[in-house]
Amino acid sequence: MEDNIKNKVIIITGASSGIGKATAKLLAQKGAKLVLAARREERLLELTKQLISKGSEVFYKTTDVTIPEENGQLILFAKEKFGKVDAIFLNAGIMPSSPISALETAEWNKMIDVNLKGVLNGIAAVIPEFVAQKSGHIITTSSVAGLKAYPNSGVYGATKWAVRELMEVIRMESAAEGTNIRTATIYPAAIQTELLNSITDKRAAEGMNALYEKYEISPDAIARIVAFALEQPDEVNISEFTVGPTSQPW
Ligand SMILES: NC(=O)c1ccc[n+]([C@@H]2O[C@H](COP(=O)([O-])OP(=O)(O)OC[C@H]3O[C@@H](n4cnc5c(N)ncnc54)[C@H](OP(=O)(O)O)[C@@H]3O)[C@@H](O)[C@H]2O)c1
């Protein structure tokens with residue numbers, strides 16, 4: 001089924017580290033044409049150079065997903081470079097965890113801006129293309145915190161629950177409208193990335209760091225799932241994947 005990825009034009013947000021970076025590497029290996037997006041240009045440049053040196057067709061575009069116009073420019077850029085967009089992996093996210101009682105309202109808003117509005121901005125930017133070409137694939141990184149409640153993850157989890165709803169409704173509406181847009185939502189558990197760096201609450205950080213040190217697995221596990229969703233034949237939609245360490249009890 002690898003041929004179903006070869007030459008596909010795929011945009012990845014949050015490609016400068018962690019899950020997005022691991023996914024970029026795997027999809028490049030499988031012959032996808034990639035546009036990598038995130039805010040840290042030096043990271044994107046380094047990864048792009050690395051993938052190009054291995055023979056892949058890759059561009060990057062610095063993008064802040066919280067700014068609607070930058071999402072629109074990202075889609076236009078991909079179209080300019082490759083002529084079309086086949087799939088988008090809406091993966092950018094942050095997780096400044098804390099108990100609700102700490103009232104870290106600025107961090108709540110940031111999570112809503114990146115994890116929820118950022119995904120909506122990407123959707124709004126890409127849907128017109130997908131509707132016009134009557135095909136497209138939207139994949140997002142939710143979280144196990146989008147399936148179950150976790151203390152310290154109230155607002156983070158709320159953003160990730162919301163993403164699940166969006167993906168399923170897009171799929172259902174598109175099927176009804178005959179536009180063939182596929183959606184997939186991934187729910188990772190503890191994956192070794194830079195995600196915990198955004199936690200400012202000392203106790204939440206200690207708890208999360210201890211959990212991750214014990215259980216975390218490589219982001220390559222998520223990259224393989226993204227590839228699996230993309231490899232399916234056009235008429236097959238696989239909606240949801242929960243992926244985590246075998247040893248993680250919750
Ligand atoms: N690691 C886990 O255990 C785990 C578990 C469940 C879900 N997830 C989800 O997986 C996704 C990827 O995170 P990760 O674990 O790979 O963590 P990570 O290494 O911290 O990567 C997060 C990515 O998001 C990008 N990003 C953050 N804010 C952005 C913005 N405003 N605009 C554009 N890009 C932005 C970052 O790039 P820049 O800083 O360069 O912009 C970075 O590339 C997130 O949605 C996260 O919630 C992770």
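Mentor: Start with strand β2, residues 33–38, where 6 of the 6 residues are buried. Buried means under 20% relative accessible area, exposed over 50%, partly exposed in between (1.4 Å probe, protein chains only). Strands (E, at least two residues) and helices (H or I, at least four) are DSSP runs, numbered from the N terminus. This is a predicted model: local features need pLDDT of at least 70, side-chain atom pairs count only at pLDDT 80 or more, and totals for chains, interfaces and linings use all residues. Residues are numbered from 1 along each chain as its sequence is written, and side-chain values use heavy atoms, with hydrogens and water left out.

Trainee: Which residues point which way from β2?

Mentor: In a regular strand the side chains alternate between the two faces of the sheet. Here Lys33, Val35 and Ala37 point one way. Leu34, Leu36 and Ala38 point the other way.

Trainee: How many bridges join β1 to β2?

Mentor: Strands of a sheet pair through backbone hydrogen bonds, either parallel or antiparallel. Two strands count as paired if DSSP finds at least two bridges between them. β1 (residues 9–13) and β2 run parallel, joined by 5 bridges. Ile12 has Leu36 as its bridge partner in β2. From β1 the chain passes through helix α1 (residues 18–29) to β2, a right-handed β-α-β crossover. Right-handed means that, with the strands pointing away from the viewer, the path from the first strand over the helix to the second runs clockwise.

Trainee: What does β2 do with β3?

Mentor: β2 pairs with β3 (residues 57–62) in the parallel sense, over 6 bridges. Lys33 stands opposite Glu57 in β3. The link is helix α2 (residues 41–53), in a β-α-β crossover that is right-handed.

Trainee: What is the strand order of the sheet?

Mentor: The open sheet has 7 strands, ordered β3-β2-β1-β4-β5-β6-β7, with parallel pairing. β3 and β7 (240–243) stand at the edges with a single partner strand each, so one side of each has no neighbour in the sheet.

Trainee: Which residues of the largest nonpolar core touch the most other members?

Mentor: In soluble globular proteins, nonpolar side chains tend to be buried together. A nonpolar core is a set of buried Ala, Val, Leu, Ile, Met, Phe, Trp, Tyr and Cys residues joined through side-chain atoms within 4.5 Å. The largest one here has 34 residues, and Ile12, Leu27, Leu34, Leu36 and Ile186 touch the most other members. α7 (220–231) is among its suppliers, and gives the most, with 8 residues.
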